[in-house]
Amino acid sequence: MVYYQDNDVLIRDLRESDARVITDEEIAQGWEASIDKYLLRLRDQAEGRSVSLAAEYQGNIAGYINIYPDSKWGAFANQGLPEIVDFGVLEKYRRHGIGSRLMDAAEQIASNYADTVYLGVGLHSGYGSAQRMYVRRGYLPDGSGVWFQDRVCEPYASCCNDDDLNLYFSKKLR
């Protein structure tokens, strides 16, 4: 299914062939990446648990995003709220509006399930552009504090500033 299209950008359902391309491109830009993550998203999509999107820029895979309509983890787990998970734009395709278009499509899909959507964002500098984007788009911290490995990190507890250290945000869609 196509969710958005203009002269340069196409937002569509994620395909199995995209998984290898995304993984190879992430490794090439120095990220720790595994195809298993994308195969899991495709399996969840096939089983009706998620909607997984890919972005093409001028015919090349450029990014991805996933929506879990009734997420089972994070700050709003099991509350019937959709969560945006695992959103990324490959570095060489940034600054072309791809991330904004992916988020527009994800929020539109999420609005079919609830009036609020949420997401978790990492705290290290690699997430800086995403953090700024979410605030510009109207996402607000949920107030539960920092989460580490899918649990609230208690005050003064030890944690690691890796991809498992997150802050959750939500946004009213309507």
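Q: What counts as a helix in this predicted model?
A: A helix is a DSSP run of H or I with at least four residues, and helices are numbered from the N terminus. Helix α1 covers residues 16-28. Just after α1 comes Gly30, with a positive phi of about 90 degrees.

Q: Which residues of helix α1 are buried?
A: Asp18, Ala19, Ile22, Thr23 and Glu26 are.

Q: What makes the buried residues of α1 line one face of the helix?
A: Look down the axis of α1. The buried residues fall within an arc of 130 degrees, so they line one face. On the other side of α1, Ser17 and Ala28 are exposed.

Q: What do the buried residues of α1 pack against?
A: Their partners are the helix α2 (35-46) and the strands β2 (9-13), β3 (51-57) and β4 (60-68).

Q: Why is Thr23 called buried?
A: The cut-off for buried is under 20% relative accessible area. Thr23 has 2% relative accessibility, so Thr23 counts as buried. Thr23 belongs to helix α1. Leaving aside neighbours within four places in sequence, Thr23 is in contact with Ala33, Ser34, Ile35 and Tyr38.

Q: How many disulfides does a search of the whole structure find?
A: The search finds 0. Take Cys159. The nearest cysteine sulfur, that of Cys153, is 4.2 Å away. A disulfide needs two cysteine sulfur atoms within 2.5 Å. Cys159 is therefore in no disulfide.

Q: Why does Cys159 count as partly exposed?
A: Partly exposed lies between buried, under 20%, and exposed, over 50%. Cys159 has 39% relative accessibility, so Cys159 counts as partly exposed. Cys160 has 39% relative accessibility and therefore counts as partly exposed.

Q: How much space lies in the largest pocket?
A: About 1,500 Å³. Of the 45 residues that line the largest pocket, Asp86, Phe87, Gly88, Tyr127 and Ala130 are the closest to its centre.

Q: Which element gives the most to the lining of the largest pocket?
A: Strand β5 does, with 7 residues. Elements that each supply at least two residues of the lining include α2, α3 (98-111), α4 (128-136), β6 (116-122) and β9 (165-172).

Q: What does the lining of the largest pocket have, by class?
A: The lining has 17 nonpolar, 14 polar and 14 charged residues. Gly counts as polar, so Gly88 falls in that class.

Notes. Residues numbered from 1 in each chain as written. Predicted model: local features only at pLDDT ≥ 70, side-chain atom pairs only at ≥ 80, totals over all residues. Heavy atoms only, no water. Buried < 20%, exposed > 50% of the residue type's maximum accessible area, 1.4 Å probe, protein only. Arc of directions from axis to C-beta. Contact = heavy atoms within 4.5 Å. 1 Å grid on protein atoms, 1.4 Å probe; cavity = no way out; pocket = protein on both sides within 12 Å on 5 of 7 lines; lining within 4 Å. Points joined across faces, edges and corners; volume = space filled by probe spheres on them.
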